[in-house]
Amino acid sequence: ESGERKAKVEKMFGFMDAFLKNDSFSLQKDILDHVEYTVARSRFIFDDFEAYQGLSYSVRDRLIERWHDTHRYFKKKDPKRLYFLSLEFLMGRSLSNSVINLGIRDQYADALNQLGFEFEVVAEQEGDAALGNGGLARLCACQMDSLATLDYPAWGYGLRYQYGLFRQIILDGFQLEEPDYWLNFGNPWEIERVHVSYPVKFYGTVEEEGIQGQTIKVWIPGETVEAVAYDNPIPGYGTRNAINLRLWAAKPSDQYDMESYNTGDYINAIMDRQKAETISNVLYPDDRSYQGKELRLKQHYFFVSASLQDIIRRFRDDHNNFDEFPEKVALQINDTHPSLAIAEVMRVLVDEEHLDWSRAWDITSRVFSFTTHTVHAEALEKIPVDLLGNLLPRHLQIIYEINYKFMEELKSMIGQDYDRLSRMSIVEEGAVKSIRMANLSIVCCQIVNGVSKVHLDLLKERVFKDFYELWPQKFQYKTNGVTQRRWVVVSNPNLSSLISKWLGTESWIRNVDLLAGLRQHVSDPDLQREWKMVKKVNKARLAEYIETLSGIKVSLDAMFDVQIKRIHEYKRQLLNILGIIHRYDCIKNMETSDRRKVVPRVCIIGGKAAPGYDIAKKIIKLCHVVAEKINNDADIGDLLKLVFIPDYNVSVAELVIPGSDLSQHLSTAGHEASGTGSMKFLMNGCLLLATADGAIVEIMEEVGADNMFLFGAKVNEVPALHEKGASLKAPLQFLRVVRMVRDGYFGFKDYFKSLCDTLEDGKDFYLLGYDFASYLEAQAAADRTFVDPEKWIHMSILSTAGSGKFSSDKTIEEYAKHTWGIEPCKCPF
Ligand code: CR1
C-alpha cells in the first residue's frame, strides 16, 4: 500500500529527491506559515523569538523528511543497529547546528533577511537543552553528530527530563541554583509520539509457575507507569541521513487501579497517578558521587525498560529467533547508569521468551558493550540490595544468579583466594549490602572501553586490576573526541572559512585528517595575519559579552586565559585562582619600570558546582572575592583582570572558546579520565596549559610538547607523592598566597578556613602545593611566548593542524569497527 501511495504522491507532485524546497521563497513561505499556523502569531507582526519558533519548525520539517527516509532505508536494509543508551545528553542549541548540517544555513539567513530578521539574532533566542551534567553528557552529543554524519544505523536513547541541569545564579559571589524548566516555551526540535509508549513496571513480588513441566519465575509488579517517546532528529553533515535520539517521558498509566477508584477516594487516586510523572522530572546534578536514591534507580529502570521494549519490538518486526539478536543489535551502555539493561535483557529472554539460562546469557553477553568515564572508584555506582530488591525484585534475583555463576567460574580459575573473590564479586557485603554495577557490566560485556590511553592504563593497574588480570582481552580504549561541526563550523565560522580557504576545500568538515594540511602553510605570513585577525574578531565578541555581563571592560591586547568546566577539586580551579593571586601580589610589589614587562591578562573562569559540593562552592566564592579586589584596584588597570562567567553551558562555551588565547587543564595527574574541553580549544587554535593527564598525553603526541605549556607531576609519580604525604613541602610562594586567603586579605576569613585546610601539608590530596612552582613556570613560559606574536600564531596554527585525531568522527569509527561491529548505511537520496 505504501508503494501505491508513493506512486500517487509522485504522480501528483512529480518525482522528487526532497519534498520541501530550499529556495529563498519557499523558506520564507514556510517560516511565515509556521508563525501563522503553528505559533499562532500574525505573519505580519512577530518578534525575534517568534521568528525563531517559525524558523525552527520549518527546519524541523526538513529534518523529519530526511529522518523518515533514513529510517525507511534502514528498515529495508536491516543492518546491525547500534543502540546508544545514556542517561545524559548535553545537546545545547539545535538551530545553527541543524541548518549547517542540512547545508541550508545561507539560504535560511537570506530568507530571514528578506523578512527583516537577522539569523544570528534569531538563533540567540534558543535556550540550551541541558539534559546532562558535563563531560560525559556532552561527549554523547558529539558522538550522535558523528554517528549521523558517518551514516551509521544508530539510535540514541535517553530521558526527557523536564528540569535539565540547574541554572547557576551568582548572588554576592555565591552560587545559587535555579531550576531549569526548559520546556516552558515549547521545544520545536522534538516530536511527541503519543502512540509510541510502553508500560514500565515496578515493585511487587516474584512467584513461581509451572509451564510445560518447567518452573518459571513470574514477576507480579505493583506499579505501572507509561513511558512516552519524544523523538529528536539528528542530522548528519554532508549526507541525507538523519538519525533519532529517542527520549522517554513518564506519564500515568491507563491501567489504573480500580480498587482505589472503588473506594471513592477519587482525588487521592488521581494524585497517586500524578506521582508517576515525577520519574522523569529532574536530572540529578551531581556528577561526582553516586547515592543510592530510589527515584534515581527508578529513572534508570524506567529508561532501560522502555528502551529495551522498543528495541526488541523493532527486532521482532523482522526476526523471530533471538539467536540473531547479537547479529542485529549492539547495545552500548554509557557509564554504568544504564547497566540494569543487562538484567532486563536476561529477564526478558528467560522469563518471557523461556530461553534456558545459558543460551540467554550467551546472547546477552554478546550484545552489550560498556564504556566507563571515571578513574574514581567512589563514583562507581553501588545500589543497595534492599532498595533494588524492593523496586525490582526479579532483577535482584537475576543479578544474584549471574554473580553465583560468575563466582563459581572464578573459583575454578583462581582457587580459594577469598580476598580477590570478594573484590570481584558483583555483590558487595558490608554495612550496606550493595550491587556493584561496574562489576556487573564487566562480567557481562565482551568489551570494556576506557576514554583515553592513560585512562585504560589506570583501569588496568588500579580501578579494575583484578578484572584486567582475568580478562585482558576485554579492555580497550577509544580516545574521546569532539565534533568539528559544532565546535568549529557552528561556533567559529570565521576560522572555519579561513581553514577551508587555505586547504582549498571544505572536506575537512567530514574528513578531519585534512586539517593536518595547515602545517604546510604555517609559516606563510598571509595565513598568520588572517589567523590573527580571526582571533581578534572572536576576542572582541567575547569582550563585549564580558562587558555586558559584568561591566568590566577588557583590553583586546591582553592574553585571554580561560578555564571553563565543572568545578571539582581534582580539576584544580583553586590552583588557577592561587596563581592569579600570586600574579597580583607580584605586580603589586614590582617597580613601575618592571610593570611594563608584564603581559596583560584577562583570566576567565566558568563552571557549575554540584549543589551539595561545599568545597567547590567555596572555590566559586573565592574567585569572586579575588576578582572584586583585583578588578577594582586602579593601580593594576589592564595588567590583570579576573572574570567569572556565570551559568556556564554549551552555548557559553561556543562563544568563549573561539575567543581564548590560552586554556587551562589542571587536573592532578591520574584524575581526568580524558577531558574533552581541551580538544575544543585545540581545534580553535588556543594554546593549552596543562598537566600530562587524560587525553592531554595524546594531544602532546599529536601537536608536540613544545607547542603546549606542560607542567606538574606525572601520572606515575603521583602515588609515590601521596605516600610521602606530610613530608612534601610546598614552596614559599604557595604558602604566601594561601596565607593571604587564610588571613582574610580578601575577606570571608572564616568561610575560607575549611578551603585553606584542604591545602595543609599532608592534607593536600590534589597536590596543589607540590605542583605550584612548575605551574608558575608554565605560566611564565606562556607569557614569554605571548610577547612573540609570530611564535604564538605559529603554535596556534599547529594546534588546529594537530587536532584531527580528536574529532568524535575518529572515536566513532573506532567504536564501530572494534566494539560494535556496525557498518555505514547511507540513504541513497
Ligand atoms: C570525565 O571526567 C571525560 C568525560 C567523557 C567525564 C572526563 O574526563 O572526558 O567523562 N566523566 O568521557 C563524567 O562526566 C560523570 O562523569
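Arg366 lies in helix α13, where helices (H or I, at least four residues) and strands (E, at least two) are DSSP runs, numbered from the N terminus. The model is a predicted one, in which local features need pLDDT of at least 70 and side-chain atom pairs count only at pLDDT 80 or more, while totals for chains, interfaces and linings use all residues. Residues are numbered from 1 along each chain as its sequence is written, and side-chain values use heavy atoms, with hydrogens and water left out.

Arg366 counts as partly exposed because its relative accessible area is 34%; buried means under 20% relative accessible area, exposed over 50%, and partly exposed in between, with a 1.4 Å probe and protein chains only. Not counting residues up to four places away in sequence, Arg366 touches Asp323, Pro326, Glu327 and Gln446, contact meaning heavy atoms within 4.5 Å. Between the C-alpha atoms of Arg366 and Leu331 there are 9.3 Å in space, although the two are 35 residues apart in sequence.

The loop between α12 (340–352) and α13 (357–367) holds His354. The phi of His354 is near 55°, a positive value in a residue other than glycine, and His354 counts as partly exposed because its relative accessibility is 38%. As background, most residues other than glycine have a negative phi, and most peptide bonds are trans. Phe748 also is not a glycine and has a positive phi, of about 55°. Its place is the loop between α30 (732–742) and α31 (749–757), and at 40% relative accessibility Phe748 is therefore partly exposed.

Phe49 is found in helix α3 (residues 48–77). With a relative accessible area of 23%, Phe49 is therefore partly exposed. Leaving aside neighbours within four places in sequence, Phe49 is in contact with Gln125 and Phe185.

Helix α15 (residues 393–414) has 22 residues and reaches 31 Å from its first C-alpha to its last, close to the 32 Å expected at 1.5 Å a residue; the expected span is 1.5 Å times one less than the number of residues. Its buried residues include Ile398, Ile399, Ile402, Asn403, Phe406, Met407 and Leu410. An α-helix has 3.6 residues a turn, so residues three or four places apart point the same way. After α15 comes Gly415, whose phi is positive, near 80°.

In α30, the buried residues are Phe734, Val737, Val738, Met740, Val741 and Arg742. These buried residues pack against α23 (573–588), α25 (614–631), α31 and α32 (768–786). Just after α30, Gly744 takes a positive phi of about 85°.

Ser452 is found in the loop between β17 (447–450) and α18 (453–463), and Ser452 counts as buried because its relative accessibility is 0%. Leaving aside its neighbours within four places in sequence, Ser452 is in contact with Tyr477, Lys478, Thr479, Ala673, Ser674, Gly694, Ala695 and Glu698. Ser452 and Lys8, by contrast, are 53 Å apart in space, C-alpha to C-alpha, and 444 residues apart in sequence.

Ala705 lies in the loop between α28 (696–703) and β24 (709–711). Its relative accessibility is 39%, so Ala705 counts as partly exposed. Not counting residues up to four places away in sequence, Ala705 touches Met700 and Leu710.

Finally, a search of the whole structure finds 5 cavities of 30 Å³ or more. On a 1 Å grid over the protein atoms alone, a cavity is a set of points where a 1.4 Å probe fits but cannot get out, and lining residues have an atom within 4 Å of a point. Grid points are joined across faces, edges and corners, and a volume is the space filled by probe spheres set on the points. The largest cavity has a volume of about 110 Å³. Of the 15 residues that line the largest cavity, Lys565, His665, Ser667, Glu672 and Ile696 are the closest to its centre. The lining of the largest cavity divides into 2 nonpolar, 9 polar and 4 charged residues, where Ala, Val, Leu, Ile, Met, Phe, Trp, Tyr, Cys and Pro count as nonpolar, Asp, Glu, Lys and Arg as charged, and the others, Gly among them, as polar.

Definitions and conventions:
1 Å grid on protein atoms, 1.4 Å probe; cavity = no way out; pocket = protein on both sides within 12 Å on 5 of 7 lines; lining within 4 Å.
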